[in-house]
Amino acid sequence: MRFFLLRRLRITTQLILAFSTIILCTGSVTIIDTVISAQQSAIAYRLVNHLYPARINVDEIVTLVNGIDDDGAWYMLSHDPIQEEESLQSYEQKVQELRGVLNQAIALSDTLEQRQAMLEFQHFFFDKGAYYDNAQKTFALKRAGQEKIAYMDYTSSPFEPQIQLYASIYINIVEGEIAQQTALEKSYVNIARALDGVLAGLATLLGGGIAIVVTRSISYLYRELEEKNALQVETNALLETLAATDPLTELPNHGTIVMLLAKELERARRYKRSCSLLFLDLDHFKALNDSYGHSAGDTVLREFGKLIRTGIRDMD
């Protein structure tokens, strides 16, 4: 009787130790998984709300700056007072839009490198003696009748290389941080999978009846991890779509088009067949944009994008 009680007590003690180990491991995994999930959520939030919008912003900045320079050039070359007035109005409108986009980009900057790169670009464009100030002096020369000197001053400015330099610096910073965050996210996924493997191995070693209890205790955790992994897959798919799609027209963006074009050209060379590229242009779009504002222009671009998406085949 005493031997039976002692043996029973030893088994009970072993079960208590086994369950305590299971509870400790399960609790540790749950805590670590919660921390990992919080980190993954923070990474996804930063990608969606900071880094991808920042990457889109720099494209808007480059487009606006090129448009400003084009309007300035039209003003310098024109001898028609009406056209000169329209060019200057468009010039100043784009300058105001650029100020807003720059302020938005600075607000989106969540690292010192991003903010510093954008501030340097802002100084290059708007500081005293910078591009905008020099352009105003050049315009004043033209109004004073010194058109030749004004034209020489305007065309001698190394504008395009500087813009590309500042844009590439900022893009490299943002894309480097995107790559860093993506790698960090993958490492968290690998840690979660490794923890899953450790926990599964522990359950196997316990065996028998303990294994049944362990399986029941961790089944909820597995389901939760699967749901989170499925949610993460959906988030990654959304992020990939955002990275490859223009947010306004919902059409493939410049980077995606370049990649697809390279693939199609390679396929055409491989199979020795022709490859067609169709360029579409909206007539009088600039006039519409200038007359009714960029909101109307954005509406036209969205509808145009919808027509293209619904009017082409999946293989096109």
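This is a predicted model: local features need pLDDT of at least 70, side-chain atom pairs count only at pLDDT 80 or more; totals for chains, interfaces and linings use all residues.
Trainee: What makes a space a cavity?
Mentor: A 1.4 Å probe fits there but cannot get out.

Trainee: Which residues line the largest cavity?
Mentor: Val58, Ile61, Val62, Met118, Phe121, Ile163, Tyr166, Ala167 and Tyr170. Helices α1 (2-77), α3 (112-126) and α6 (159-206) each supply at least two residues of that lining. The largest share, four residues, comes from α6.

Trainee: By class, what residues does the lining of the largest cavity have?
Mentor: Nine nonpolar, no polar and no charged residues. Val, Ile, Met, Phe, Tyr and Ala count as nonpolar, so the tyrosines in the lining, Tyr166 and Tyr170, fall in that class.

Trainee: Which residues of α4 are called buried, and why?
Mentor: Tyr131, Tyr132, Ala135, Thr138, Phe139 and Lys142. Buried means under 20% relative accessible area, so each of these falls under that cut-off.

Trainee: How do you know that the buried residues line one face of the helix?
Mentor: Look down the axis of α4. Its buried residues fall within an arc of 120°, so they line one face. In general, an α-helix has 3.6 residues a turn, so residues three or four places apart point the same way.

Trainee: What comes just after α4?
Mentor: Glycine 145, with a positive phi of about 95°.

Notes. Residues are numbered from 1 along each chain as its sequence is written. Side-chain values use heavy atoms; hydrogens and water are left out. On a 1 Å grid over the protein atoms alone, a cavity is a set of points where a 1.4 Å probe fits but cannot get out, and a pocket is an open set with protein on both sides within 12 Å along at least five of seven lines; lining residues have an atom within 4 Å of a point. Buried means under 20% relative accessible area, exposed over 50%, partly exposed in between (1.4 Å probe, protein chains only). The arc is that of the directions from the helix axis to the C-beta atoms.
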